[in-house]
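Subject: Structure handover

Hello,

Here is the structure I said I would pass on. My notes on it follow below.

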Amino acid sequence: MLTPVTAAILTENSLYFIFLVIAAMALGVYLKLTSGTKKGSRADILMEKYKTMDRQTLESIPDGMLVDAVIANLMSKIDEKKGDDYLTIPLLSPGRCAVYSIWLTIKELESKGLQGFLSGKPGRFAGLAADGLELVGAERSGGAMREILNAAEDATGLPELEIRLKNSISQENPLKKCVEYIRANPDEFLDE
């Protein structure tokens, strides 16, 4: 049995404990609400920075960042709910579609190889990449991609065609040609 003094101390300590719990929860809510200044991924930062591409912004981007900036701008246009780039990118200007398709193809080839690229969702962009490669002046790479598309049913010849495509990409440097294309055709990349 508790003495009246012990009961009073426990009640006072209980109230103190409850007050501390409420204060800690309030502090947690406050920190959660004010943590918006936390930096996101590089892609998130670039998408926010280049969400809208006007002429002044486009002209101020250094060549070494230009393709990444254009890709970030394009990614910001993809419907977050659907999250399907193939529903958005082909409807944009030929230059935007070309740059995105080339960039995606090269990244996928580097990370997953030709078979991984063609068998995944990004493989839907293979035909657009072939068109894009030719548009920016990487004709050998575009031709190699078209051969791959024609031979895709017969997977036996794909390893040699993959080597040919990768060699063509290495020699022609399509991403550099994308920079040249963007500089020569800025109106295709503006949101104005």
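E134 is partly exposed, with a relative accessible area of 31% (buried means under 20%, exposed over 50%, and partly exposed in between, using a 1.4 Å probe and protein chains only). Before going further: this is a predicted model, in which local features need pLDDT of at least 70 and side-chain atom pairs count only at pLDDT 80 or more, while totals for chains, interfaces and linings use all residues. Residues are numbered from 1 along each chain as its sequence is written, and side-chain values use heavy atoms, with hydrogens and water left out.

E134 sits in helix α6, residues 126-136 (helices are DSSP runs of H or I with at least four residues, strands are runs of E with at least two, and both are numbered from the N terminus). Leaving aside neighbours within four places in sequence, E134 is in contact with E139, G142, G143 and R146 (contact means heavy atoms within 4.5 Å). P174 is 40 residues from E134 in sequence, and their C-alpha atoms are 9.5 Å apart.

Next, a pair of helices. Helix α4 (residues 63-75) packs against helix α5 (residues 94-119) at about 105 degrees, and the axes are 10 Å apart. Axes here are lines fitted to C-alpha atoms, for helices over the stretch in contact, and angles run from 0 to 180 degrees between N-to-C directions. The two helices are therefore roughly perpendicular (65 to 115 degrees; under 35 is roughly parallel, over 145 roughly antiparallel, and the rest oblique). On the α4 side the contact is made by V67, D68, V70, I71, N73, L74 and M75, and on the α5 side by R96, V99, Y100 and W103. These residues divide into eight nonpolar, one polar and two charged.

Y100 and W103 are three residues apart in α5, about one turn of the helix, and both are buried. Their ring centres are 5.9 Å apart and their planes stand at 45 degrees, so the pair is tilted (rings of Phe, Tyr and Trp, the last by its six-membered ring, pair if their centres lie within 6.5 Å; planes under 30 degrees apart are stacked, over 60 edge-to-face, and the rest tilted). Together with Y86 and F125, they form one aromatic cluster. The count of aromatic pairs comes to four.

Last, S93 lies in the loop between α4 and α5. S93 is buried, at 19% relative accessible area, and its side chain reaches the backbone oxygen of E188 at 2.7 Å.

Regards

Key:
Nonpolar A, V, L, I, M, F, W, Y, C, P; charged D, E, K, R; others polar. Polar contact = N/O pair within 3.5 Å; in protein donor to acceptor, adjacent residues only side chain to side chain.
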